[in-house]
Amino acid sequence: MEREGYIRLPPRKFTPHNPLANRKDPRSAVVDQSPVERSIKEILPITLRQVRRSADEHLFNSLIAQFHYLGYTQPVGEHLKYLVSWKDRTIACLAWSSAPWHLASRDRYIGWSAEQRRRNLHLLAYNTRFLILPFVRVPHLA
């Protein structure tokens with residue numbers, strides 16, 4: 001309301017330190033960007049590795065920051081981060097997070113009452129980031 005000019009607030013007495021307010025972008029990781037153009041049969045098997053709180057989490061963060069159209073933002077709440085690899089090459093990234101508490105359109109679509117949402121919300125996960133690296137061209141990989 002102060003920004004809009006409706007009220008005038010007294011000057012701040014104290015501004016608390018918030019280390020998250022000025023968080024730096026993930027440092028850039030260097031990965032092999034030579035093209036991967038194969039059929040899905042040629043790259044099987046692929047591996048999915050959960051990298052949250054591991055030495056490879058910075059690689060995940062950097063790839064999302066560099067190549068995902070939404071960029072990287074620090075997830076809030078419970079979340080998981082996965083790197084998808086073929087041989088020793090990272091080819092994709094997946095991130096999942098806990099579902100929002102209230103989302104009327106979702107609850108209507110599912111047909112949940114308030115009680116059903118309370119009982120079942122822990123069963124949902126949201127795919128917050130999905131990235132096949134731009135130099136990977138493998139039909140049906142997704």
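Good morning, colleagues. Please keep in mind throughout that the structure is a prediction.

I begin with the strands. Strand E3, residues 79–86, runs antiparallel to E4, and 8 bridges join the two. One of the pairings along these strands is that of Ser-85 with its bridge partner Thr-90 in E4. The hairpin formed by E3 and E4 has 2 residues between the strands, and Lys-87 takes a positive phi near 55 degrees there. E4 is also joined to E5 by 7 bridges, again in an antiparallel arrangement. Here Leu-94 has Phe-130, in E5, as its bridge partner.

I turn now to the nonpolar core. Which residues have the most contacts inside the largest nonpolar core? They are Phe-60, Leu-63, Leu-83, Ile-91, Cys-93 and Val-136, within a core of 24 residues. H2, E3 and E4 are the elements that give two or more residues to this core. The largest share, 5 residues, comes from E4.

With neighbours within four places in sequence left aside, Cys-93 is in contact with Phe-60, Leu-63, Ile-64, Tyr-82, Leu-83, Arg-129, Phe-130 and Leu-131. Val-136 lies in strand E6. Its relative accessible area is 8%, under the 20% limit, and Val-136 is therefore classed as buried. Not counting residues up to four places away in sequence, Val-136 touches Val-36, Ile-91 and Leu-141. By contrast, His-79 is 25 Å from Val-136, C-alpha to C-alpha, with the two residues 57 places apart in sequence.

Next, helix H2. The buried residues in H2 are Glu-57, Leu-59, Phe-60, Asn-61, Ser-62, Leu-63 and Ile-64. What covers the buried residues of this helix includes E3, E4 and E5.

How many aromatic pairs does a search of the whole structure find? The search finds 1. The pair consists of Phe-67 and Phe-135 in an edge-to-face arrangement, 6.1 Å centre to centre and with 80 degrees between the planes. Phe-67 belongs to helix H2, residues 57–67, while Phe-135 is in the loop between strand E5 (125–132) and strand E6 (136–137), so the pair ties together parts that are 68 residues apart in sequence. Phe-135 has a relative accessible area of 9% and is buried.

I now come to Arg-106, which is found in helix H3, residues 104–110. Is Arg-106 buried or exposed? Arg-106 is buried, because its relative accessible area of 10% is under 20%. Its side chain makes a polar contact with the side chain of Asp-107, at 2.9 Å. Beyond its neighbours within four places in sequence, Arg-106 is in contact with Ala-99, Pro-100, Trp-101, Arg-117, Leu-121, Leu-124 and Tyr-126. Two of these contact residues, Trp-101 and Arg-117, also have an arrangement of their own: the charged end of Arg-117 sits over the ring of Trp-101, 5.8 Å from the ring centre.

Finally, some details of the backbone. Most residues other than glycine have a negative phi, and most peptide bonds are trans. Against that background, Leu-44 and Pro-45 are joined by a cis peptide bond, with omega at about 0 degrees. Pro-45 is in the loop between helix H1 (40–43) and strand E2 (47–50).

Arg-53 has a positive phi, near 60 degrees, and is not a glycine. This residue is in the loop between E2 and H2. Its relative accessibility is 69%, over the 50% limit, so Arg-53 counts as exposed. His-140 likewise has a positive phi, of about 70 degrees, and is found in the segment after E6. With a relative accessible area of 74%, His-140 is exposed.

Thank you for your attention.

Note on methods:
Residues are numbered from 1 along each chain as its sequence is written. Side-chain values use heavy atoms; hydrogens and water are left out. Helices (H or I, at least four residues) and strands (E, at least two) are DSSP runs, numbered from the N terminus. Buried means under 20% relative accessible area, exposed over 50%, partly exposed in between (1.4 Å probe, protein chains only). A polar contact is a pair of N or O atoms within 3.5 Å; within protein, one must be able to donate a hydrogen and the other to accept it, and residues adjacent in sequence count only if both atoms are side-chain atoms. Contact means heavy atoms within 4.5 Å. Rings of Phe, Tyr and Trp (its six-membered ring) pair if their centres lie within 6.5 Å; planes under 30 degrees apart count as stacked, over 60 as edge-to-face and the rest as tilted. A charge sits over a ring if NZ of Lys or CZ of Arg is within 6 Å of the ring centre and within 35 degrees of the ring normal. Two strands pair if DSSP finds at least two bridges between them. A nonpolar core is a set of buried Ala, Val, Leu, Ile, Met, Phe, Trp, Tyr and Cys residues joined through side-chain atoms within 4.5 Å.
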